[in-house]
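My notes follow the display.

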Amino acid sequence: MNRDLVEQMAGQLQSFALRLAREVRRGKAAGTPGASRLSALAALASSGPLSLAHLAAADQVRAPTMSRLVDGLVRDGLVTRETVPTNRRAVRIAITPEGAALLGRERKRRVQHLADRLERLGESEQRAVQRGVELLGRVSGGP
């Protein structure tokens, strides 16, 4: 395949990925946290406790923005903010069991939303999507 076609395919893939992400968010239940809060919780769940600077970098936001976000997560009992014993000026943010449970419920809800959409496809289409998922895993650096 020539480079122009590959770039066209990459552009379409990027557009579809954004649309799919919007579709999943659109199915959001009332009272569930926003994307920014879920992203911060997911970073903490996968990486363990992080400094505010590292958490901001993981979400590609500025530290003051992350600080406000963390303030709300602490207030809601979803994360803790603790000083590092060896450096009293350093702070670590960690997900709480409540935060992990909320993240798990939201992930399950989003997966169910997508599964409902996938069930509308025919069996051969579902197999084609499965193959696409495998290939996208390779493109994204997965196994």
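These entries cover the pockets, then the helix pair.

I am working from a predicted model, where local features need pLDDT of at least 70, side-chain atom pairs count only at pLDDT 80 or more, and totals for chains, interfaces and linings use all residues. Residues are numbered from 1 along each chain as its sequence is written, and side-chain values use heavy atoms, without hydrogens or water.

**Pockets**

Helix 1 (3-26), helix 5 (97-118) and helix 6 (123-139) each give at least two lining residues; I take helices as DSSP runs of H or I, at least four residues.

The second largest pocket holds about 200 Å³. I found 13 lining residues, with V24, A35, L38, S39 and R110 the closest to the centre. Helix 5 supplies the largest share of this lining, five residues.

**Helix pair**

How do helix 3 and helix 4 cross? The axes (lines fitted to C-alpha atoms over the stretch in contact) of helix 3 (52-59) and helix 4 (63-75) come within 9 Å and cross at roughly 105 degrees. The two helices are therefore roughly perpendicular (65 to 115 degrees). In contact (heavy atoms within 4.5 Å) are L52, L55, A56 and D59 of helix 3 with A63, M66, S67 and V70 of helix 4.

Definitions and conventions: On a 1 Å grid over the protein atoms alone, a cavity is a set of points where a 1.4 Å probe fits but cannot get out, and a pocket is an open set with protein on both sides within 12 Å along at least five of seven lines; lining residues have an atom within 4 Å of a point. Grid points are joined across faces, edges and corners, and a volume is the space filled by probe spheres set on the points. Axes are lines fitted to C-alpha atoms, for helices over the stretch in contact, and angles run from 0 to 180 degrees between N-to-C directions. Angles under 35 degrees count as roughly parallel, over 145 as roughly antiparallel, 65 to 115 as roughly perpendicular and the rest as oblique.
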